[in-house]
Amino acid sequence: MSKSSVSFDWLTILIYLLLVSFGWINIYSASLGDNPSSIFDFSQVYGKQAVWILLSFFMIVVLLSIEARFYMRFSSVIYIISLISILGLFAFGKTINGATSWYVFGGISIQPAEFAKVATALALAKYIGDIQTNIKIFSNQIKAFLIIILPALIILPQPDAGSALVYSAFLFPLYREGLSGVYLFLGFAAIAVFVFTLLFGPLYVAIAIGVIALISLFQKRRNRPGYLLLLGTIVLAIGYSYSVDYIFENMFEQRHRDRFNIVLGQEVDAKGIGYNTNQSEIAIGSGGWLGKGWTEGTQTKGQFVPEQHTDYIFSTVGEEWGFLGTSLVTLLFVLLMLRILFLAERQKSQFNRVYGYSVVGILFIHFLVNIAMVIGIFPTVGIPLPFFSYGGSGLWGFTILLFIFIKLDSERMSFS
């Protein structure tokens, strides 16, 4: 394919530039403090982020210069390297904020989990795009789930529950390619049973499951195979509800249990573990319709929200730019995801389409969980807002994720 025929989707690139630029503006405000210095002060958080942004532009040039077929041909190698990189953390990683998730080289910290998501998206797209793979076959589903679960299982005990949670995003491309909706239903049902058990206890949840069972059994009384399957599902659901307390007490750290209890209203701790969320809600609520103005947020300038420039950067948007600003950011993310879905659907290659849906899934989970976390309807689990939150690994990871797809789309006519 000649270089002259390559056409990049400039709308997607424009949205990316808007998000990164507005993100940096808010990082600048959130990390400014009472003694402002030059925007070129690279000892400050905003200066460091500016360097990461500039370097990401060079990375984009490289990503768009590589032939699109390279990403498919070497997807398995990239995936294996990513698994080795996150496994190596147990021996060579540095613990920061309670999680051993970083390699430190001099003064630079790299979080390989941010790049593992890209590698998993490529590996899954390669597997499903294989001409011999039918995702409707159970054995193929198991293999696809293994590709997704392996990095999540390695990341989870670091502990980094937030990064592990993101791997649920890969259900979106699987569903698009023919995975039964039963898996999505079971996933949501498991979450619902978990939450309701924590709120009301296993006995009441078991009674509710029993009532639903009686109604369903009455409707299926003439269908013996369906009756047996439903009965088995009910037994498993009730058993799962009685295991929730054990899972919660033994597989979650105390800080995670505290955060869940606060969100569920089981505890009130506005000055302890719930301080971040409480101050974030105050900051967003105080912004009103139009906000207090850039660098004029009292909660932000007073640094009442700890580490506001990272996972809680959206609270700066709410306070200083108000409802208008938060709506604009939300609109940009929605436009970006819809645009990628549109581009994914026009791909002639299944590899490209699956990868595109993986990109959307990852962005959606990050956006949804981060915003829900900042406004206090989801526990704090350490998930950054794409292109917004401070961090070189996060910015580079999302940039690589997006621009590989832009490159794949640019050569879609010759890619099969």
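# Salt bridges and a buried serine: worked exercises

A network of salt bridges links Arg176, Glu177, Glu345 and Arg353. The model is predicted: local features need pLDDT of at least 70, side-chain atom pairs count only at pLDDT 80 or more, and totals for chains, interfaces and linings use all residues. Residues are numbered from 1 along each chain as its sequence is written, and side-chain values use heavy atoms, with hydrogens and water left out.

## Exercise 1. The network

Find the salt-bridge partners of Glu177 and describe how exposed the residues are.

**Solution.** 

Step 1. Apply the rule: a salt bridge is a side-chain nitrogen of Lys or Arg within 4 Å of a carboxyl oxygen of Asp or Glu.

Step 2. Take the partners in turn. Arg176 pairs with Glu177, with the closest N and O atoms 4.0 Å apart. Arg353 also pairs with Glu177, and here the closest N and O atoms are 2.9 Å apart.

Step 3. Locate the Glu177–Arg353 pair. Glu177 sits in the loop between helix H9 (171–176) and helix H10 (181–200), and Arg353 in helix H17 (residues 350–374), so the pair ties together parts 176 residues apart in sequence. Helices here are DSSP runs (H or I, at least four residues), numbered from the N terminus.

Step 4. Check exposure. Buried means under 20% relative accessible area, exposed over 50%, and partly exposed in between (1.4 Å probe, protein chains only). Arg176 is partly exposed at 30%. Glu177 is buried at 13%. Arg353 is buried at 16%.

## Exercise 2. Ser315

Describe the surroundings of Ser315.

**Solution.** 

Step 1. Ser315 is in helix H16. Its relative accessibility is 0%, which means buried.

Step 2. Look for a polar partner. A polar atom of the Ser315 side chain lies 2.6 Å from the backbone oxygen of Tyr312.

Step 3. List the contacts (heavy atoms within 4.5 Å). Not counting residues up to four places away in sequence, Ser315 touches Ser280, Ala283, Ile284, Val305, Gln308 and Val374.

Conventions. Helices (H or I, at least four residues) and strands (E, at least two) are DSSP runs, numbered from the N terminus. A polar contact is a pair of N or O atoms within 3.5 Å; within protein, one must be able to donate a hydrogen and the other to accept it, and residues adjacent in sequence count only if both atoms are side-chain atoms.
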